[in-house]
Amino acid sequence: MFVELLFYGFSAILLAAALGVIISRNPVYSALSLVLAFFTSAALWLLIEAEFLAIVLVLVYVGAVMVLFLFVVMMLDINIEEVKQGFTRYAWLGWIVSLIVIAQMIAVFYAKDFGIDATIGPVRNPVDHSNTRELGDVLYTQYVYPFELAAVLLLVAIVAAISLTMRRRPGLKPQDVAKQVAVRREDRVRLIKDVSREGGEDPR
Amino acid sequence: MTEFLAVWSSLPEYLRASVWILIVTVAVILSVAFTILWERKVLGWIQLRKGPNRVGSIFGLVPGIFQPFADVIKLLLKEVVVPSASNKWLFRVAPAITLIPAFAAWAVMPLDPNLVIADIDAGLLYILSLTSVGVYGVILAGWAANSKYAFLGAMRSAAQVVAYEIAMGFALVGVVMAAGTLNLGDIVRAQEGGVGNWFFVWLFPLFVVYVIAGVAETNRAPFDVAEGESEIVAGFHVEYSGIAFALFFLAEYANMILISALTAVFFLGGWLSPFDGLLAAGHPLAAPGFHWLFLKLFFFLTCFMWYRATFPRYRYDQIMRLGWKILIPVTLVWITVEGFMVWFGVGPWSR
């Protein structure tokens with residue numbers, strides 16, 4: 001009973017937050033609504049005892065991805081009016097996509113027509129069951145190649161993104177830290193004769 | 001005492017957990033108060049001053065002991081100014097967003113062999129995800145204030161925290177590899193059997209990286225460019241006054257205590273005794289307990305103040321260079337070395 005109450009509470013917040021992402025006029029509010037949506041879906045995942053995935057969702061999306069999103073949204077001065085132009089022009093495409101998505105969601109209710117209900121539902125595990133270990137076991141044995149492939153793909157994406165944004169502009173004077181560290185006193189300081197002193201002896 | 005224990009154990013679990021949450025929260029808040037006093041004292045001694053020595057000197061015993069309370073009362077009585085051109089709602093919410101993760105993270109902290117509020121399996125991930133949420137408070141405070149200095153501070157902080165989180169995460173990957181678990185209590189237990197088994201011996205580069213990244217994550221000197229009072233006045237909290245400012249202050253020190261405790265747990269055996277294995281098994285000094293965690297935590301906390309008194313502030317591009325080009329490669333190299341150590345059975349995890 002209590003769990004169901006939590007489920008409906010979180011679902012309501014999730015829906016409201018998701019709606020907020022698309023209807024709020026301020027892009028910063030949209031990004032923040034998305035953060036809230038991630039949090040509530042993490043809470044929903046906790047309710048179905050997928051605590052590893054829930055925490056990773058918060059860690060990756062809230063902790064890293066959305067920080068960068070917010071960073072960009074705050075830096076950009078987005079003109080809403082400009083974005084709205086052409087909005088109606090592509091409305092038909094949006095309608096088609098949303099109709100397809102709605103049709104798919106309705107199809108879930110008729111799962112038995114596709115024979116999906118023949119598979120066994122999830123089994124509840126005991127309290128001390130570690131789904132971190134379970135996930136690791138599957139990920140690094142059965143699915144190790146797809147996992148490694150995905151990792152390499154992400155690495156390629158990182159390298160590509162960096163090389164796309166790296167421009168060698170002329171006239172830049174970057175610092176060579178190794179050179180700075182290697183500098184000795186003799187390279188920079190020259191002792192000249194101290195004429196104020198009698199005889200001009202070395203001040204050392 | 002026995003009656004009290006009987007009543008205590010007859011309480012339902014959620015009530016007992018709530019009592020513990022209350023105790024830990026109050027303890028953290030009080031620790032923050034005395035950490036601030038201790039910092040001002042330490043800085044004073046380093047700079048050949050006396051530090052606060054007026055409020056509450058009882059018979060000249062501990063001069064200045066009530067200084068933090070005097071400060072809090074002063075801040076409470078001050079007016080909270082909300083800039084008229086600011087985003088008022090986010091401006092008010094931002095301090096709370098910084099504060100909540102700093103306290104919530106204590107839920108999985110193993111304080112004692114038998115005491116942890118929530119003994120969850122993915123405790124380390126929980127800590128990582130919460131500490132990464134704290135940066136939202138800083139970003140939102142900087143943006144909502146609608147001030148150039150505050151915004152610059154927020155942007156700096158966001159980039160810095162994202163960069164150092166990666167180094168920090170990689171350092172913790174090494175800890176997880178050595179301990180074979182994400183549960184903080186089990187990480188401490190994996191370091192049992194004397195100082196030689198503590199992870200800072202075997203993961204020394206990762207330990208150094210973690211300490212540096214911890215200082216950067218808490219926005220403390222020499223990485224306090226988010227505040228940068230010599231360039232951008234007070235950074236992200238320039239527009240905050242009174243108790244709203246105090247909340248940021250509270251969060252900063254709570255985060256310092258948290259990072260110190262985590263360093264002790266991950267690398268210095270948490271509540272384990274340093275005499276474990278040296279003295280006979282029944283010796284009171286060899287017994288594990290909260291006092292050992294406290295001593296280690298206190299040492300790192302004092303180090304935070306020591307850094308602040310010693311190092312000049314990093315330049316912003318130097319911070320980025322240190323994070324991306326030095327700390328992350330160091331962690332990657334040592335994780336590889338650790339992989340070989342595990343493979344060839346060298347080190348404490350060969351048991």
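**Figure 1. How much of chain A is tucked away.** Of the 204 residues in chain A, 17% are buried, meaning under 20% relative accessible area with a 1.4 Å probe, counting protein chains only. This is a predicted model, so local features need pLDDT of at least 70 and side-chain atom pairs count only at pLDDT 80 or more, while totals for chains, interfaces and linings use all residues. Residues are numbered from 1 along each chain as its sequence is written, chains are lettered from A in the order in which they are written, and side-chain values use heavy atoms, leaving out hydrogens and water.

Figure 2. Chain A has nine helices and zero strands; here helices are DSSP runs of H or I with at least four residues, and strands are E runs of at least two, numbered from the N terminus.

**Figure 3. Where chain A meets chain B.** Chain A brings 25 residues to the contact and chain B brings 27 residues, with contact meaning heavy atoms within 4.5 Å. Between them, the two chains bury about 2,100 Å², 76% of it on carbon and sulfur atoms. That area is the accessible area (1.4 Å probe) the two parts lose on being put together, summed over both.

**Figure 4. Chain A's side of the contact.** Helices α2 (27–47), α3 (51–75) and α6 (131–142) of chain A each supply at least two residues to the side that touches chain B. The most comes from α3(A), with 14 residues.

Definitions and conventions. Buried < 20%, exposed > 50% of the residue type's maximum accessible area, 1.4 Å probe, protein only.
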